[in-house]
Amino acid sequence: MNPLVIAGIVVLVPVLITYYAFTHRLPFVGSSYTDYAVVVNSVNVRPGSPVRIAGIDVGQVSGVSPDGTATRIAFTLDPSALPVHRDATLTIRDRLFLEGGYYLLLDPGSPSAPVAPEGFTIRQANTATPVQFFQLLSTFNAAARASLQNLLKTTNVAFSPRPGQPQSNSGAGALKQAIPALTPDLKDAALISESLTGTHAGDVQTLLSSTADVTGTLATHRLALAQMVARLDTVAGTLAGEDDAIGRTISGVDATLRTAPTTLVALDRSLTPLDNLAAALTPSLKVSPPIVSALAREIVAVNRVVRPAARGRLIASLSTLLVRFPVVATQLADFFPATAPAARCLATRVTPLLQEQVQDGALSTHDPVWKDLVHMLPNLAGASGNFDGNGPYLRALVGLGSNSVPSSLLGSLPGVGTLLGSIAGTSANNSGLQGTAPQWLGDLTAADFRPNVPCGSQPLPNNLVANPAEAVR
């Protein structure tokens, strides 16, 4: 090796050792931000103990030294822990349940307070130390200590084998056998414990403050706490006397837990159809209240009809209906076949004729037949008024000349005799009447009228023009 390198190492190593002896850190390595805190009792805090903010490591203790009757603790902080304010507080917390390790819980203070410079010392008034186990025991009276001794002796009996039995038949042996089964549970407990450290700043502080509130409440209600402990002792004694039953219960719970996954998987599969059923039932459930209300009203109405006061009248009316209805049905059975031809005639012959038009050249009304019949009624009423005692005379001609109509065509009337008529502008040889309206333009003859044939089978003339739109207006 180069002599200059050897000389540098010989000079640098003593310098680093001396620097570390006084500062408890190496230069250019780690954080250079160091603060101090004065506590009444540093307990077992030593260099290397962690410094945490909300459960997250942000530094470590670099030194512990006496400060009069108190103790001065020096600690370094990472840049992520800055800034620290002048109202910061520091508490020594237990890392283990039964002591043995400690850490510093640092509260950097409120943002509104001034920022503390490097080397800032947290006053003793802003620091706190944990309660020691011997201090906790010193608060118990003789009865509580005797109960604790009894608890420890009972624990010793529970973990020790019976006389003449091997260690494997003791509670400790059973616990050793249960450790493989407890390994997954302990792993889960470790994950839960890690989760209890929190994911954000202030989570652990909130948990600890809530725990402190609970313990403070218990401390202020010592009588209730003593009663709870006494009842807990009674419950523990009862459980100790029911070892076999507890064992069977635990076995049953174990069997239940073995079958629970399959049951839960089947339940999870049934949730999707159940969700689809709920989605399908939701619209009907929304519209069902009015239906149910109407049904309830109908039930109330039916109840009024069938109640004892009205039941007699209902039965009497039903009896009348059941007795007379067969007779009426028989009569209707005879009536409907008799009226069927008339209804068929009206539907297939009379109604179509009434809805068509009569063609009369320039005198055509272009109205359906039923409307012409309605219009004819006032004319008949007016015509009848002309033949009463106040109306015009009915004239009869004695001689008609060469335009007379043969009596064989006109016929005769009872009480009047033979009818005579004349045709203007025609010869005596003309056997047809002129001037009548409407003229017959159809294709039916007198032979087509057959009274012995059903109406529905009678033919219709072809000189009528259908006009449904006018017929229905």
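Let's start in a loop: select valine 43, which is found between β1 and β2. Keep in mind as you look around that this is a predicted model. Valine 43 has a positive phi of about 55°, although it is not a glycine. Is valine 43 buried or partly exposed? Its relative accessibility is 23%, so valine 43 counts as partly exposed.

**The whole protein**

Now zoom out. The protein has 473 residues, and buried residues make up 16% of them. Its secondary structure comes to eleven helices and 14 strands. Among the contacts with a separation of 6 or more, 52% are between residues 24 or more positions apart.

Next, colour the model by pLDDT. The mean for the protein is 78, and 81% of the residues reach 70 or more. Then select residues 467-473, where pLDDT stays under 50. For this stretch the model has 13 contacts beyond four places in sequence. Where pLDDT is low, the predicted coordinates should not be read in detail.

**The eight-stranded sheet**

Show the strands β1 to β8. In which order do the eight strands of the open sheet stand? The order is β7-β1-β4-β3-β2-β6-β5-β8, and the pairing is mixed. At the edges you will find β7 (121-122) and β8 (127-128). Each has a single partner strand, so one side of each is left without a neighbour in the sheet. Strands of a sheet pair through backbone hydrogen bonds, either parallel or antiparallel.

Move on to β3 and β4. These strands run antiparallel, and eight bridges join them. Select valine 61 to find its bridge partner in β4, phenylalanine 75. β3 and β4 form a hairpin with two residues between the strands, and there glycine 68 takes a positive phi near 70°.

Try the distance tool on aspartate 67 and valine 38: they are 29 residues apart in sequence, yet 7.6 Å apart in space from C-alpha to C-alpha.

Now step across to β2, residues 50-53. β2 pairs with β3 (residues 56-67) in the antiparallel sense, over four bridges. Two pairs to highlight are isoleucine 53 opposite isoleucine 56, and proline 50 with its bridge partner glutamine 60 in β3. β2 and β3 also make a hairpin with two residues between them. In its turn, alanine 54 has a positive phi of about 55°.

On to strand β6, residues 102-107. β6 runs parallel to β2, with two bridges between them. Here valine 51 stands opposite leucine 104. While you have the strands on screen, follow their side chains: in a regular strand they alternate between the two faces of the sheet.

Select proline 83, in the loop between β4 (70-77) and β5 (89-94). The peptide bond leading from leucine 82 to proline 83 is cis, with omega near 5°. Most peptide bonds are trans.

Then jump to histidine 366, in the loop between β9 (356-358) and α9 (369-385). Histidine 366 has a phi near 60°, a positive value in a residue other than glycine.

**A meeting of two helices**

For the last stop, show helix α7 (residues 243-306) and helix α8 (residues 308-354). They pack at an angle of about 75°, with their axes 5 Å apart. Angles of 65 to 115 degrees count as roughly perpendicular, and α7 and α8 are therefore roughly perpendicular to each other.

Which residues meet where these helices touch? From α7 come Arg304, Val305 and Val306, and from α8 come Pro308, Ala310, Arg311 and Leu314. Colour them by class and you will see five nonpolar, no polar and two charged residues.

Key
Residues numbered from 1 in each chain as written. Predicted model: local features only at pLDDT ≥ 70, side-chain atom pairs only at ≥ 80, totals over all residues. Heavy atoms only, no water. Pairing = 2+ DSSP bridges. Axes fitted to C-alpha atoms, helices over the stretch in contact; angles between N-to-C directions. Parallel < 35°, antiparallel > 145°, perpendicular 65-115°, else oblique. Contact = heavy atoms within 4.5 Å. Nonpolar A, V, L, I, M, F, W, Y, C, P; charged D, E, K, R; others polar. pLDDT = per-residue confidence, 0-100. Buried < 20%, exposed > 50% of the residue type's maximum accessible area, 1.4 Å probe, protein only.
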